[in-house]
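Please have a look at it before I go on.

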Amino acid sequence: MPKLTVEGYGTFEVAQDKRLVLAIEQDAHVDILHACGGNARCTTCRVEFIEGEPTRQTEAERDRLAARGLTGVRLSCQIQCDHDMTVRAISRLEGSGRPDPGSTPNETITPPAVWL
Ligand code: FES
């Protein structure tokens, strides 16, 4: 099982290929935002990678980051835990002013992943 480390929260074994946004929320118990429900639209699930940044990317992630002019971050809803990784959770419910983190993303990547 891959190991997920979230800076300041610890290291957790997570199910192979689990969506990173769900692993951060359910395994590391971090109040990460996912305002669009994991559909590569809102970018609130963004994380910074410290180690193990995936080389592959979904088309939806690439397009959304480009549309928002975002660099140096990845969308955790578009990433699977298929190897060890260390991330910084930079977009959390606490301090956001939002009433909730957003609806829970599906177990599989949405929209259906088109890997680049
Ligand atoms: S872009 Fe909205 S939850 Fe990932």
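**Cysteines, sheet and one serine**

Let me begin with the disulfides, of which a search of the whole structure finds zero, and please keep in mind throughout that what you are looking at is a predicted model. As for individual cysteines, Cys 42 has a relative accessible area of 17% and is therefore buried, since the cut-off for buried is under 20%, and Cys 77, with a relative accessible area of 0%, is buried as well.

Turning now to the sheet, five strands make it up, in the order β2-β1-β7-β4-β5, and this sheet is open, with mixed pairing. At its edges are β2, covering residues 10–13, and β5, each of which pairs on one side only. Strand β1, residues 3–6, runs parallel to strand β7, residues 85–89, and three bridges join the two; within this pair, Thr 5 stands opposite Thr 86 of β7. Packed on the sheet is helix α1, residues 20–27, which touches β1, β2, β4 (46–51) and β7, and whose direction makes about 70 degrees with that of β1.

If we leave aside neighbours within four places in sequence, Ser 76 is in contact with Arg 19, Leu 20, Val 21, Ile 24, Ile 32, Cys 45 and Val 47.

Notes: Residues are numbered from 1 along each chain as its sequence is written. This is a predicted model: local features need pLDDT of at least 70, side-chain atom pairs count only at pLDDT 80 or more; totals for chains, interfaces and linings use all residues. Side-chain values use heavy atoms; hydrogens and water are left out. A disulfide is a pair of cysteine sulfur atoms within 2.5 Å. Buried means under 20% relative accessible area, exposed over 50%, partly exposed in between (1.4 Å probe, protein chains only). Contact means heavy atoms within 4.5 Å. Two strands pair if DSSP finds at least two bridges between them. Helices (H or I, at least four residues) and strands (E, at least two) are DSSP runs, numbered from the N terminus. Axes are lines fitted to C-alpha atoms, for helices over the stretch in contact, and angles run from 0 to 180 degrees between N-to-C directions.
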